[in-house]
Amino acid sequence: MSCPSLLTCTVRKNAPVFASETVFTDLMLRDVFSEDVIRVLSRGADAGEIAARQDVFRALENNPSMAERFSAMSSSAANLARLLRRYDDLHDSTGAVMIFTHLAKEFLRFLDLAEFPSPRGQLLTEFSAYIHNLKIHPLTEEMRRLCADIPDFSGRTLRIRTVDGSLQMTAVTGNAAAAHFEANLTAMGLPPTPDRQRSPRQMPASFSDGLAKLYPTEYAAAQVLHDRCAPYLFGEEADIRALPALSREIGFYAAIHKFTQQMREEGFPMNLPQVCESRRICLRGVRDISLRRRGLRGENVVPNDLMLTAEGGDNFFWLTGANGGGKTVFLRAAGIAVLLAQNGCPVPCDGGETACFTRLMTHFPLNEDFSGTGRFDEEMQRAEAIMAEATPESVILLNETFSGTDEVKSAASSRMLAETLHSCGAFGIYVTHLHELTGSTIPSLAAVIDESSGNRRTYRIIRAPRTDSSHAADILYKYSLTRGQLAERRKHLGKP
C-alpha cells in the first residue's frame, strides 16, 4: 500500500496550473505565504478534494491538540528527509549503520504522531489507516524493540578539523560519550579544537570506524537493526522515501491553520464556503486582507458580496466607479476568496458557496496612466493568452486592462476582451474607468459614493444600471487633465 496524499484524493498527473505566479503577485500574497504554500495553492483542487481538505481544517480548528500534532509531524517529516540525505551521502557501511539508527527512530516517532485516534474525512481516514497498518507490521514492532536497546549516536557526534595536515578531534561538549572520547584524545597528546567548532556535513569513514570500535556493543546492536529492518524500511511496504514528501503537505495545513488563526485575531472572519454543483460563486462579505498593510483591522474593512452565476449571463461583470472608491480592493478580495476557496481553505468572508473552477487568471497593471505607449502591446499579448485559455471553468479578474492607451483603442479592446470572456461562459470582473462600456449585454457593478456628503467613498460595491457619469472631477485629477483638455479630447473623438 503506497503512502496516501493528504492533499489529493486521486492521482492527478499533469494537472494544469490553477493559478500562475502572476496571480500571487497581483493579489499581494507573496509576503503572506511561503513558497511551499504557494506551490500547493497554485495547483488548486477538484470538488472532492476541496471538501476533503475542508474536513482537515475543521478537525484542526475543533481540536487544538491536533494542530500541535500537525506541526510536530511536519518537523518529523523534515527530519526524515534530512536523515535520508545524510544516509545517501555516506559511502562507508559503518556510518550508514549509525545514521540508519537515527532514521529508524525518527520513523517510529513519525508513526506515533501520525495515527489519529478518531480521524475525520476521507484524507485523514485513509492516511491514519495507512499509518496504523505500518505501526502493527511485525517488522515495525521488531524495529521498535531493537531501537529501544540502542543509545542515540547523535549524542556521540564529534567534530573533526584538519590543521596543517594533522587530524585533530574534540568531542561535543556535554555528554558522557564525548567526555570519554576527549579523555582518549588527551591521552594521545592531541591538542583541542579551537572554540569555533563546526560539524562536517558528511561523517568521515575514519571517524565512524573509530566510534564503532569505542562502542562495540552499541554498534553491534545497530548493525542488527540495519540488517533486519533496512530492506523493510526502504522497500515497498514501508517506503520511507515517500514520507518526507508529506512534510510539504502537512506544512501546508499547519501554515494555513496558523494564517487563519492570525486573521481572526486581526478581526477578519474566516469561513469555509460550501461546494455547490450549480455554476455560481456566492460569497457574502468578502474582505481584502492586504488592507492589513495600511493598519486596518478586519472589522474596519468594508465587506462586499461576490455574486457571479451562469444563470442569466451574470457570470461576468464590468466594475466602474470613482477613483479611490474601492474597485481594486474588491477585485483583490474576490481573487483571494476564489484562490483560497478553490483549495479548500478558510476564506476571509462571512460564508457562502462556490462551484469548482479549474483556473484563476488575473491582470493587474503595474501602473495606471494615460501616457503609456509600449504597454498596449504587452497587455494585448496577455489578453490574447487569457482569451485562448478561458473556459466556463475559469475565473478571470482584470484591473484597468488597456487603460494605458487612448480612449478609442482602450474602449474597443476592452469591449472585445470582455465580450469574448462573457460569451464563452468564463466567470470574472473587469474594472474599467470607461463608463460608456456599461449598459451592454454584460452586466455592471459600481463603486458607491455618497453624493450628499461631498462624493464620500463608501467602498460599497453594488449591482448598477448603466450610468453616463464618469465622475469627471476624479478622472481629471487622476490623469492630470484640465476641463478644457478633456473637452478638446471629447470634441476630437466626435463626442458632445
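Predicted model: local features only at pLDDT ≥ 70, side-chain atom pairs only at ≥ 80, totals over all residues.
Where is Asn455 found?

The protein chain has 16 helices and 12 strands. It runs to 496 residues, and 49% of them count as buried. Now take the contacts with a separation of 6 or more. Residues 24 or more positions apart account for 75% of those.

Back to Asn455. It is found in the loop between strand 11, residues 444-450, and strand 12, residues 456-464. Most residues other than glycine have a negative phi. Glu400 is in the loop between strand 9, 394-399, and helix 14, 407-424.

Buried or exposed? For Glu400, the relative accessibility is 3%, so Glu400 counts as buried. Asn455 has a relative accessible area of 33%, so it is partly exposed.

Helix 3 covers residues 47-62, and its axis comes within 5 Å of the axis of helix 4. The two cross at roughly 115°, which makes helix 3 roughly perpendicular to helix 4. Who makes the contact? From helix 3, Val56, Ala59, Leu60 and Asn62; from helix 4, Pro64, Met66, Ala67 and Phe70. By class, that is 7 nonpolar residues, 1 polar and no charged ones.

Helix 4, residues 64-89, then meets helix 5. Here the axes come within 9 Å and cross at roughly 160°. The cut-off for roughly antiparallel is over 145 degrees, so helix 4 is roughly antiparallel to helix 5. The crossing is left-handed. On the helix 4 side it includes Arg69, Met73, Leu80, Leu84 and Tyr87. On the helix 5 side, Ile99, Phe100, Leu103, Phe107 and Phe110 are among them. By class, this contact has 15 nonpolar, 3 polar and 5 charged residues.

Helix 5 has another partner I want to show. At what angle do helix 5 and helix 7 cross? Roughly 120°, with the axes of helix 5, residues 93-114, and helix 7, residues 138-148, coming within 10 Å. Helix 5 and helix 7 are therefore oblique to each other. This crossing, too, is left-handed. Helix 5 contributes Ala104, Lys105, Phe107, Leu108, Leu111 and Asp112. Helix 7 contributes Thr140, Met143, Arg144 and Cys147. The classes come out as 6 nonpolar, 1 polar and 3 charged residues. Look at Phe107 and Asp112 of helix 5.

Which strands form it, and in what order? There are 4 strands in an open sheet, ordered 3-7-4-5, and the pairing is mixed. Strand 3, 274-275, and strand 5, 304-309, stand at the edges. Each has a single partner strand, so one side of each is left without a neighbour in the sheet. Zoom in on strand 3. It pairs with strand 7, residues 351-354, in the parallel sense over 2 bridges. Val275 has its bridge partner in strand 7, namely Thr354.

That's the tour.

How values were computed:
Residues numbered from 1 in each chain as written. Heavy atoms only, no water. Axes fitted to C-alpha atoms, helices over the stretch in contact; angles between N-to-C directions. Parallel < 35°, antiparallel > 145°, perpendicular 65-115°, else oblique. Left-handed = near helix turned anticlockwise from the far one by under 90°. Contact = heavy atoms within 4.5 Å. Nonpolar A, V, L, I, M, F, W, Y, C, P; charged D, E, K, R; others polar. Pairing = 2+ DSSP bridges. Buried < 20%, exposed > 50% of the residue type's maximum accessible area, 1.4 Å probe, protein only.
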